[in-house]
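The model is a predicted one.

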Amino acid sequence: VSVSTIYDKSANYSRAIPVQIMANNPKKGELHLCVQLNIQNFNNAIRLVEFIELYKLLGADYFTFYDSDVGPDVITVLEHYAAEGGLEILPWSSAYLQEQEFLHFGEHASQNDCIMRSVNHFTFASTVDIDEFMIPVEHENLIQLADHLSGNYSDYVFRNVFFFLGWEDDQKKHKILAAFKNRLITQKKIKRVEKVSMFLSRSKSLMRPEAIIEAGSHNVWEFVDGLWKSSDRTLDIPTELGTLHHYRKCLPSSPGCTSNPKIIDRSAQRYMEPLVRAIVTVCGRIFPNTPNCPLPPS
């Protein structure tokens, strides 16, 4: 498909957009994870490796990263995974995606682009940020959790819980973490807010791509009419089965967030041993002279 002011059979429409016949898309996997890297000059290699390897344990088998402005160590990590397969890097230039022009540097556009790329290729797709992890409490991974929940839902929603970075790290000494000197954010941060966020407030979800017309940052905005009954479309996952772990600093609107009531939550630590083994292996391959991945700039 191409838009032009003139029609000429011999013309080369170099800006044509290919049409995809989605019904013919072959199955590629179960969970496609879509991530926009819009943190300016993000260059924390081990944070990225931790993110990818933990989500692999959680059931993700393909990743698409929208690269807007990242540092050389992160580019090295992404290119390593891309060369091995199972990861795609798409340029997403922040030079023209300014905040006043596109919400959060075109985040909405990249999210829906990735959902469309997932149709019929994957059972589920999810759009998350680098500091967000959908963690099941009882099940081994997200696919098992979705299978456990009865009903053919279009959207499985995980409620948000903040693990504020201002709270102290886990004081328990884990021998397997010693080499990383408390650099694994999902393993060192075990204190979270006691109160879980409201349903669809800062949440993230597993979405069935073929059921989605338009996705927002925290909830689906529009479903495909008639594909599933409206009462069956969105499931609010009980917090005893899983939550969205959100590791971040205090929000600008709530600078005193660390005064909120907090509880201990070690549910992410049950992945500690396989996660550490995977990170050691990957960092050793990518950065042989710095086997635990280089330190990010201070």
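## Nonpolar cores

Which residues have the most contacts inside the largest nonpolar core? They are Leu37, Phe51, Tyr55, Phe65, Tyr156 and Leu206, in a core of 60 residues. Helix H1, which spans residues 45-57, gives the most to this core, with 8 residues. Apart from this core lies another, made of 7 residues, including Ile115, Ala125, Ile212 and Val220.

Leaving aside residues up to four places away in sequence, Phe51 touches Leu33, Val35, Phe65, Val128, Asp129, Ile130, Glu132 and Phe133.

## Packing of H1 and H2

The axes of H1 and H2 are 8 Å apart and meet at an angle of about 30 degrees. Angles under 35 degrees count as roughly parallel, and the two helices are therefore roughly parallel to each other.

On the H1 side the contact is made by Ala45, Leu48, Val49, Ile52, Glu53 and Lys56. H2 contributes Asp73, Val74, Val77, Leu78 and Tyr81. By class, the contact of H1 with H2 has 8 nonpolar and 3 charged residues, and no polar ones.

## Salt bridges

The count of salt bridges comes to 12. In one of them, the side chains of Arg285 and Glu84 meet at 3.5 Å, N to O. This pair links distant parts of the chain, 201 residues apart: Arg285 is in helix H6 (residues 272-286) and Glu84 in helix H2 (residues 72-84). Arg285 is exposed, with a relative accessible area of 53%, whereas Glu84 is partly exposed at 48%.

Glu168 pairs with Lys191, with the closest N and O atoms 2.9 Å apart. Because Glu168 lies in the loop between strand S7 (160-164) and helix H5 (185-188) and Lys191 lies in strand S8 (residues 191-193), the pair ties together parts that are 23 residues apart in sequence. Glu168 is partly exposed, with a relative accessible area of 45%, while Lys191 counts as buried at 17%. Asp170 forms a salt bridge with Arg266, and here the closest N and O atoms are 2.9 Å apart. Asp170 is in the loop between S7 and H5 and Arg266 in the loop between strand S14 (262-264) and H6, so this bridge ties together parts 96 residues apart in sequence. Asp170 counts as buried, at 9% relative accessibility, and Arg266 is partly exposed, at 34%. Elsewhere, salt bridges that share partners join Asp129, Glu132 and Lys204 into one network. Of these, Asp129 and Glu132 are also among the residues that Phe51 touches.

## Positive phi values

Which loop holds Asn120? Asn120 is found between helix H3 (107-118) and strand S4 (122-127). Its phi is near 65 degrees, a positive value in a residue other than glycine. Asn120 counts as partly exposed, at 31% relative accessibility.

Arg202 is not a glycine either, yet has a positive phi of about 60 degrees. Arg202 sits in the loop between S8 and strand S9 (204-207). With 28% relative accessibility, Arg202 counts as partly exposed.

Note on methods: Residues numbered from 1 in each chain as written. Predicted model: local features only at pLDDT ≥ 70, side-chain atom pairs only at ≥ 80, totals over all residues. Heavy atoms only, no water. Core = buried A, V, L, I, M, F, W, Y, C linked by side-chain atoms within 4.5 Å. Buried < 20%, exposed > 50% of the residue type's maximum accessible area, 1.4 Å probe, protein only. Helix = DSSP H or I, 4+ residues; strand = E, 2+ residues; numbered from the N terminus. Contact = heavy atoms within 4.5 Å. Salt bridge = Lys/Arg side-chain N within 4 Å of Asp/Glu carboxyl O. Axes fitted to C-alpha atoms, helices over the stretch in contact; angles between N-to-C directions. Parallel < 35°, antiparallel > 145°, perpendicular 65-115°, else oblique. Nonpolar A, V, L, I, M, F, W, Y, C, P; charged D, E, K, R; others polar.
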